[in-house]
Amino acid sequence: MNIPDHLRYLESHEWIEPGGTEAKVGISDHAQEVLTDVVYVELPEVGKTVSAGDPVAVVESVKAASDIYAPVAGEIVAVNSALQEDPAVINTDPYGAGWFFAIKPTDAAELDSLLSAEEYRAKLS
Amino acid sequence: MSENTEDLKRSPLHDRHVALGARLVPFAGWEMPVQYEGILREHRAVRESCGVFDISHMGEITVRSTEGTKAAAAYLNHLLTNDASVLKPGQGQYTLMLNERGGVIDDLILYRTRTDGFFLVVNASKLSEDLIWLEQEADSYYTVRIEDHSAGYGALAVQGPKSQAIYEKVAKRLPGSPALPPRNGIIKVVAEGDEDNPTPIRICRTGYTGEDGFEFFCPAAQTPAWFDAFLEAGAVPCGLGARDTLRLEKCYPLNGSDLDGYHTPLEAGLKPFVKMGKDEFLGHDALKVQLTKGLPSKLSAICVTGKAPPPRTGYAVVDPETKEPIGELSSGSLSPSLGTGIGLAYLPLEKSAPGTEVCLDIRGRLFPAVVSKKPFI
């Protein structure tokens, strides 16, 4: 299972990239495997202000739709609109080309309270 | 319906599914594979090559009469909508069992075997209900013998344009290497000395995918070996997920979703399988009323016209002008073959003509769609 060390994670299987003012968010390798073939993605509007835990995007496989939650409070500053044409990259490259949106955290310290790679790995085992 | 995993029945192929990394889900009281490598891949395998499905959950019933086939056919004709009396030995037909309101209890395939009466293949979820109706109606046909062989049988559906070639490789292992029966046909394969086996191998040229293919019924204990043989011959293991997208593209109804106790087979578009001219059958009078007064609704094929989330069961179908709901999807999915959303819904007759514009309400947003001709592909 691929769980990069530099990312933070939610129990609901989202990842967020710490360290900048535009933190990219996506879903983990484990999540894409559980979802199976992603066929549709609904992304939030740029400029939207969200609270931690808000459902902000939807990812759909042939069989099911799942919400994607905002890992921290902040403003949506970018979305990966390429996903709408090719949602399958979420399966092939969940930590790279498969990112969903970028968020500008209201409080960057909030990321520290999320799961580390090691803690997330422990949750999965 | 909540189903605890420990209460679920397991297919004779359970260990194979686990070894192949299948995702197992509860389905009609069974723990069955929804997919192995992925629904899209499995769907494509069946449309372009060949897939093999575990259908061991399905029910197998034999019906015969001590007075011969004619008496058994008369009894079945009283219970089922199609005409059992036209079947020649070795032929099968799609047929339905109705309640008094004309609603559907089950849809099934009825085969007339060459030697011993009739063989019925029914939905797993309806097996016990089917048996109750069959036995109840047999009271007035006292020569009829009904036997449920579901526990003794395992079953595989081998489907796709290459299914015949794959069959021919595997058939070498069958006693007498028999040829496949013609479309809708059935053969029985019996090894010498095994004539009294209550669950002989039966091979039927039928399926639920719209592709050429066959269904292979064999003693439960033999199922893993035959499954291995079909895989070895090149069939791709496929789960219920692909089975659902394949059948939906062909507009084959799924009982419990597109068929229920409230809509008649006439509303479901299954009139060719309802023979009003034969002697009366259960539900006949309700259908007659519909034929006189007109159908209240029609199971319609709906195709999303733009970019939209995949349609799903339960989504409302909305009139684009009044914004009022006119029905709801009884089935819905992305069509892997077309790359667009498709679904089925009972719509009022005046909204059911192909070309009628409708909308789907998906999470509060309306997406344009159109009533299409059946099947989608």
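Strands here are DSSP runs of E with at least two residues, numbered from the N terminus. With that in mind, in which strand is the place of Thr95(B), and what does Thr95(B) touch?

Analyst: This is a predicted model, and the description that follows should be read as an account of that model. Thr95(B) belongs to strand β6 of chain B, which covers residues 92–98. Its relative accessibility is 0%, and because buried means under 20% relative accessible area, Thr95(B) counts as buried.

The surroundings of Thr95(B) can be described through its contacts. When residues up to four places away in sequence are not counted, Thr95(B) touches Leu80(B), Thr81(B) and Asn82(B), and also Asp106(B), Asp107(B), Leu108(B) and Leu110(B). One of these residues, Asn82(B), also takes part in a polar contact, in which its backbone nitrogen is reached by the side chain of Thr95(B) at 3.1 Å. A further relation spans the sequence: Pro272(B) is 177 residues apart from Thr95(B) along the chain, while the C-alpha atoms of the two are 9.5 Å apart in space.

Ser330(B) is found in strand β17 of chain B, residues 325–334, and it is buried, because its relative accessible area is 8%. Leaving aside neighbours within four places in sequence, Ser330(B) is in contact with Ser257(B), Asp258(B), Leu299(B), Thr313(B), Leu344(B) and Ala345(B).

Other strands of chain B show how pairing is arranged in the model. Strand β2 (residues 23–27) and strand β3 (residues 30–35) of chain B pair in the antiparallel sense over five bridges, and within this pair Leu24(B) has Pro33(B) in β3(B) as its bridge partner. The two strands, β2(B) and β3(B), form a hairpin with two residues between them, and in the turn Ala28(B) has a positive phi of about 50°.

Chain B also contains an open sheet of six strands, in the order β11-β12-β13-β10-β4-β14, with mixed pairing. Its edge strands are β11 (186–189) and β14 (236–238) of chain B, each of which pairs on one side only, and from one strand to the next the twist averages 25°. Inside this order, strand β10 (residues 153–159) and strand β13 (residues 213–219) of chain B pair in the antiparallel sense over seven bridges, where the bridge partner of Gly154(B) in β13(B) is Cys218(B).

Terms used. Residues are numbered from 1 along each chain as its sequence is written. Chains are lettered from A and ligands numbered from 1 in the order in which they are written. This is a predicted model: local features need pLDDT of at least 70, side-chain atom pairs count only at pLDDT 80 or more; totals for chains, interfaces and linings use all residues. Side-chain values use heavy atoms; hydrogens and water are left out. Two strands pair if DSSP finds at least two bridges between them. Helices (H or I, at least four residues) and strands (E, at least two) are DSSP runs, numbered from the N terminus. Axes are lines fitted to C-alpha atoms, for helices over the stretch in contact, and angles run from 0 to 180 degrees between N-to-C directions. Buried means under 20% relative accessible area, exposed over 50%, partly exposed in between (1.4 Å probe, protein chains only). Contact means heavy atoms within 4.5 Å. A polar contact is a pair of N or O atoms within 3.5 Å; within protein, one must be able to donate a hydrogen and the other to accept it, and residues adjacent in sequence count only if both atoms are side-chain atoms.
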